[in-house]
Amino acid sequence: MFENVTGMDISENQIAEAQRGNTHTNIAYKVGGANEIPIENDQLQLITASQCFHWIELPKFYKEVQRTLVAKGVLCIFWYVVPQIVGGKNEQKADQTLKRIYEVDLDKYWDKRCQLLDKGFTDLHFPFNDTAKENYTCDLQMTVSEFIGFLSTWSAYQLMKTLDPEGAKKLLSDFRKDLITDIGNGELDPEKINVKLKLTYYLIIGRKK
């Protein structure tokens with residue numbers, strides 16, 4: 001669809017990792033931030049930002065978007081919220097435990113900016129033309145081990161791991177045991193138990209003014 005694609009991240013390590021796995025000659029990676037996009041004026045047809053806009057200084061980012069997009073170029077922002085567990089004998093109990101972890105156990109570790117994700121489009125200022133908004137759900141599946149690994153990437157968990165490493169370790173260890181009990185149907189190996197999830201995405205798109 002596009003002749004050239006540029007991926008960007010503020011982390012040199014992330015960019016190095018992406019470059020190591022890159023097998024496409026038309027994809028490049030750069031270290032850079034949303035406040036100063038390392039691209040010349042009027043060069044980009046599409047800018048996407050996924051699961052990161054709540055960390056960005058949006059007024060500065062929007063200014064950079066207007067600078068780097070071509071005429072009628074498009075900005076697309078999309079993100080997902082905490083998934084819902086929808087499979088297993090005691091799926092409701094498992095999902096309630098997940099929500100408790102997200103809303104209670106990790107509450108004091110969440111950065112306030114993360115609330116913007118959960119509010120959907122409510123508080124998102126988006127100063128672009130021809131704006132369209134959509135939210136949709138998709139089904140996915142991962143093993144208990146993979147799901148625990150996914151939860152361990154949450155920023156709130158990472159902060160808890162730094163401030164209370166034993167508590168963080170116990171939190172996921174207990175949840176792993178709960179998942180095995182609630183949805184394992186007698187299976188004890190977390191590598192063989194699948195967690196069925198429903199994930200809600202929000203997407204907003206608009207054109208350069």
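Start with the lining of the largest pocket: β3 gives the most to it, with seven residues. β3 spans 44–50, and β1 (5–9) also supplies at least two lining residues. Strands here are DSSP runs (E, at least two residues), helices too (H or I, at least four), numbered from the N terminus.

This is a predicted model, so to speak of local features we need pLDDT of at least 70, and side-chain atom pairs count only at pLDDT 80 or more, while totals for chains, interfaces and linings use all residues. Residues are numbered from 1 along each chain as its sequence is written, and side-chain values use heavy atoms, with hydrogens and water left out.

Back to that pocket. Its volume is about 1,300 Å³. On a 1 Å grid over the protein atoms alone, a pocket is an open set of points where a 1.4 Å probe fits, with protein on both sides within 12 Å along at least five of seven lines; lining residues have an atom within 4 Å of a point. Volume is the space filled by probe spheres set on the points, which are joined across faces, edges and corners. Of the 33 lining residues, Thr6, Gly7, Met8, Asp9 and Thr48 are the closest to the centre. By class, the lining has 16 nonpolar, 13 polar and four charged residues. Gly counts as polar here, Pro as nonpolar.

The second largest pocket has a volume of about 390 Å³. Its lining has 11 nonpolar, four polar and one charged residues.

Now the strands. Which strands pair with β7? β4 (residues 69–80) does, antiparallel, over seven bridges. Ile77 has Ile204 as its bridge partner there. β5 (residues 84–85) pairs with β7 over two bridges, also antiparallel. β6 (residues 129–143) is joined to β7 by 13 bridges, again antiparallel. Tyr136 stands opposite Tyr201 in β7. Pairing takes at least two DSSP bridges.

Last, the cores. A nonpolar core is a set of buried Ala, Val, Leu, Ile, Met, Phe, Trp, Tyr and Cys residues joined through side-chain atoms within 4.5 Å. Buried is under 20% relative accessible area (1.4 Å probe, protein chains only). The largest core has 30 residues, and Phe147 and Trp154 are among those with the most contacts inside it. α7 (165–183) and β7 (194–207) are among the elements giving two or more residues. α7 gives the most, with seven. A second, separate core of 24 residues includes Phe53 and Trp79.

Methods
Buried < 20%, exposed > 50% of the residue type's maximum accessible area, 1.4 Å probe, protein only.
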